[in-house]
Amino acid sequence: MRFQQLNEQLAYVSKCRLEMARLYARLHSAVDSSRVKLMLEYLQQHEKEVSQKIDDYIEEAPSRLLELWYNDIVFEDFVKRCQEVIPAANMNEDDLLELHLDLDNRLIGLFEKTAESSVPGDVKNALNDLVRVEKIQQQRLVHSSLRMEDI
């Protein structure tokens, strides 16, 4: 997928987050482990909330930021990637965490690539802040997951 304006990219990432939520719902019905089901419920809700926050940002952000043009921002068919994940009944917490981090890192990478292509200023700073927040959330998820194993 090729993006030309920032608002297109943000809308696509919002769609990708919803697709991740659908993937987690599909996995939830297939897995056996109650711990994995619990993690999937959390991740599903989290992805829906992130998607909504992105949609809210698109509604509220100044059009001068959202209408910025980019030449070389290309991204994979993320929706297809999510749809191709095959549920496994024996998925464990580590498998789920690995899958989630892989998908999440792909979306974070898209924002990093866009930030690198941006001229210094408001957009670049906002994208770098978004990347920083996403990475902090990832760290918290990993720590929480490790604490859950200790229980």
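The following legends describe close-up views of a predicted model.

**Figure 1. Helix α5 and the residue at its start.**
Helix α5 comprises residues 93-117, a total of 25 residues. From its first C-alpha to its last, α5 reaches 36 Å, which is close to the 36 Å expected at 1.5 Å a residue. At the start of α5, Asn92 places a side-chain oxygen within 3.0 Å of the backbone nitrogen of Asp94.

**Figure 2. The packing of helix α1 against helix α5.**
Helix α1 is formed by residues 6-30. The axes of α1 and α5 lie 11 Å apart, and the two helices pack at an angle of about 175°. Angles over 145 degrees count as roughly antiparallel, and α1 and α5 are therefore roughly antiparallel to each other. On the α1 side, the contact is made by Leu6, Gln9, Leu10, Val13, Cys16, Arg17, Met20, Leu23, Tyr24 and Leu27. On the α5 side, the contact is made by Leu96, Leu99, His100, Leu103, Asp104, Leu107, Leu110, Phe111 and Thr114. By type, the residues of this contact between α1 and α5 divide into 14 nonpolar, three polar and two charged.

Helix α2 is made up of residues 34-60. The helix α2 has 27 residues and reaches 39 Å from its first C-alpha to its last, close to the 39 Å expected at 1.5 Å a residue. The N-terminal end of α2 is capped by Ser33, a side-chain oxygen of which lies 3.3 Å from the backbone nitrogen of Arg35. Buried residues of α2 include Val36, Met39, Leu40, Leu43, His46, Glu47, Val50 and Ile54.

Ser51 is found in helix α2. Because its relative accessibility is 1%, Ser51 counts as buried. The side chain of Ser51 makes a polar contact of 2.7 Å with the side chain of Ser14. Not counting residues up to four places away in sequence, Ser51 touches Ser14, Arg17 and Leu18. Gln44 also belongs to helix α2. With a relative accessible area of 19%, Gln44 is buried, since the cut-off for this class is under 20%. Residues up to four places away in sequence again being set aside, Gln44 touches Ala21, Tyr24 and Ala25.

**Figure 3. Ile58, a partly exposed residue of α2.**
Ile58 has its place in helix α2. Its relative accessibility is 22%, and Ile58 therefore counts as partly exposed. When residues up to four places away in sequence are not counted, Ile58 touches Asn7, Leu10, Ala11 and Leu66. Between Ile58 and Val31 there are 35 Å in space, C-alpha to C-alpha, and the two are 27 residues apart in sequence.

Ser118 is found in the loop between α5 and α6. Ser118 is buried, its relative accessible area being 7%. A polar atom of the side chain of Ser118 lies 2.8 Å from the backbone oxygen of Thr114. Apart from its neighbours within four places in sequence, Ser118 is in contact with Tyr70, Val123, Lys124 and Leu127. Gln139 is 21 residues from Ser118 in sequence and 26 Å from Ser118 in space, C-alpha to C-alpha. Pro120 is likewise found in the loop between α5 and α6. At 73% relative accessibility, however, Pro120 counts as exposed. The C-alpha atoms of Pro120 and Leu101 are separated by 28 Å, and these residues are 19 residues apart along the chain.

Terms used:
Residues numbered from 1 in each chain as written. Predicted model: local features only at pLDDT ≥ 70, side-chain atom pairs only at ≥ 80, totals over all residues. Heavy atoms only, no water. Helix = DSSP H or I, 4+ residues; strand = E, 2+ residues; numbered from the N terminus. Expected span 1.5 Å × (residues − 1). Polar contact = N/O pair within 3.5 Å; in protein donor to acceptor, adjacent residues only side chain to side chain. Axes fitted to C-alpha atoms, helices over the stretch in contact; angles between N-to-C directions. Parallel < 35°, antiparallel > 145°, perpendicular 65-115°, else oblique. Contact = heavy atoms within 4.5 Å. Nonpolar A, V, L, I, M, F, W, Y, C, P; charged D, E, K, R; others polar. Buried < 20%, exposed > 50% of the residue type's maximum accessible area, 1.4 Å probe, protein only.
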